[in-house]
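Here are my notes on the model you sent over.

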Amino acid sequence: MPISYAHCMNNQPSTKNQTSEFYDLSERLLNSGDAYWGNLGYWQAGDDYSTACEGLAHQLANAVNLNQDSRILDVGFGCGDQLLLWLKDYNIQFLCGINYSVSQTVLAKQRLKQFELRQFELSQSQANTDGTNLGSSDNIFQGDVADLKNGLAVVCSEANNDINTILALDCAYHFPSRKNFFDDSFKVLKSSAKTNQDNNGIKASTACIGLTDIVLADAPLSWGRRMLLNIMLSASRIPKDNIVTLAEYQGQLQQAGFDCIASEDISEFVFEPFGNWLKSSKDAVHKLRGHRSAGLKYRVTAAFLAWAYRNEVLRYIVISARISSPVSE
Ligand SMILES: C[S@@+](CC[C@H](N)C(=O)[O-])C[C@H]1O[C@@H](n2cnc3c(N)ncnc32)[C@H](O)[C@@H]1O
């Protein structure tokens with residue numbers, strides 16, 4: 001869950017000196033099956049939390065047209081559910097990732113390893129030697145997106161540096177500076193954009209960035225609304241400078257060097273349905289009983305999001321941008 005008004009509880013042991021983390025494993029409480037999703041979800045009738053979160057991931061995948069040629073850097077991948085989804089449903093070519101949370105990254109690595117082991121056993125039993133993507137778990141790192149270039153040096157040391165797709169699913173508003181993230185992403189992607197050009201002319205570049213994200217609505221904010229928004233942003237570890245209008249957001253992408261920007265406002269499928277589900281789901285109510293602080297956190301989050309939507313304070317978008325023009329050194 002992206003927005004939370006206080007430190008999350010740790011319902012599983014953390015690895016780094018047992019300190020509690022802001023991004024941890026507590027969203028497990030909201031999920032069904034063996035899922036650990038932690039986003040706001042793209043809600044359709046009858047969805048439970050895990051299905052809605054997966055739905056949001058599919059929205060992002062569609063926006064960047066994920067396919068068997070995609071070579072992905074995923075930033076802020078939570079506990080790894082989305083990494084498994086890219087591998088299973090989109091048959092992508094290469095995957096690496098950086099995530100700030102220590103506990104989530106440890107778990108994501110474990111889950112990816114288990115998946116790879118199952119894939120390996122399957123390929124052995126079917127005498128199928130295609131080992132595509134076995135090894136993604138080695139490319140998953142704990143780190144801050146602010147160190148994207150250093151992180152990538154590690155991630156891509158094994159010559160896999162021609163990443164053509166950067167993804168940020170429901171997390172970029174938390175980054176220290178989303179604007180810097182765009183600049184760094186452009187630098188990462190431009191080498192891939194170059195390799196996609198032919199000798200005579202320019203072949204359409206496949207290098208792209210995709211995000212699901214929060215933007216400021218266009219309507220002017222009253223002093224009171226601005227105050228409440230700022231309080232929630234600060235409690236949720238969202239830098240104020242990241243909350244900009246769609247026009248400003250697009251401007252930052254363009255300034256970084258991206259073009260072919262496409263965005264869709266999906267607010268109505270995101271902001272209010274989470275709270276409706278939280279209130280009506282017997283399963284959620286049951287699971288949160290006995291976890292008072294987590295229950296309160298989710299209820300406050302849901303109430304804030306519904307308020308921000310109804311009062312035209314925030315919007316939720318899925319957005320993609322490409323590098324379509326020739327890129328010089
Ligand atoms: C709201 S959660 C979304 C998790 C996941 N994408 C999902 O959809 O379930 C935000 C994620 O962003 C990550 N994150 C926040 N700040 C980050 C940073 N500076 N660098 C890398 N990851 C960050 C957190 O660790 C967390 O996994």
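Predicted model: local features only at pLDDT ≥ 70, side-chain atom pairs only at ≥ 80, totals over all residues.

1. Residues are numbered from 1 along each chain as its sequence is written.

2. Now H10 itself, residues 292-310. Helices here are DSSP runs of H or I with at least four residues, strands are runs of E with at least two, and both are numbered from the N terminus. The expected span of a helix is 1.5 Å times one less than its number of residues. For the 19 residues of H10 that gives 27 Å, and the end C-alpha atoms are 27 Å apart, so the two agree.

3. Which residues of H10 are buried? They are Ala294, Lys297, Tyr298, Thr301, Ala302, Phe304, Leu305 and Ala308. Buried means 20 or more other C-beta atoms within 10 Å of the residue's own, exposed means 12 or fewer, and partly exposed is in between, with C-beta atoms placed from the backbone.

4. What does that buried face pack against? Its partners are helices H6 (223-235), H8 (271-280) and H9 (282-288), plus strand E7 (314-322). Contact means C-beta atoms, placed from the backbone, within 7 Å.

5. On to the core. A nonpolar core is a set of buried Ala, Val, Leu, Ile, Met, Phe, Trp, Tyr and Cys residues joined through C-beta atoms within 7 Å. The largest one has 84 residues, and Leu56, Leu60, Ile72, Ile166 and Leu189 touch the most other members. Helix H1 (residues 49-63) supplies its largest share, eight residues. Leaving aside neighbours within four places in sequence, Leu60 contacts Leu167, Leu169, Gly210, Thr212 and Val318.

6. Last, Phe269, in the loop between strand E6 (259-265) and H8. It counts as partly exposed because it has 19 C-beta neighbours inside 10 Å. Not counting residues up to four places away in sequence, Phe269 touches Tyr42 and Trp43. Its C-alpha atom is 9.4 Å from that of Leu56, 213 residues away along the chain.

Note on methods: Contact = placed C-beta atoms within 7 Å.
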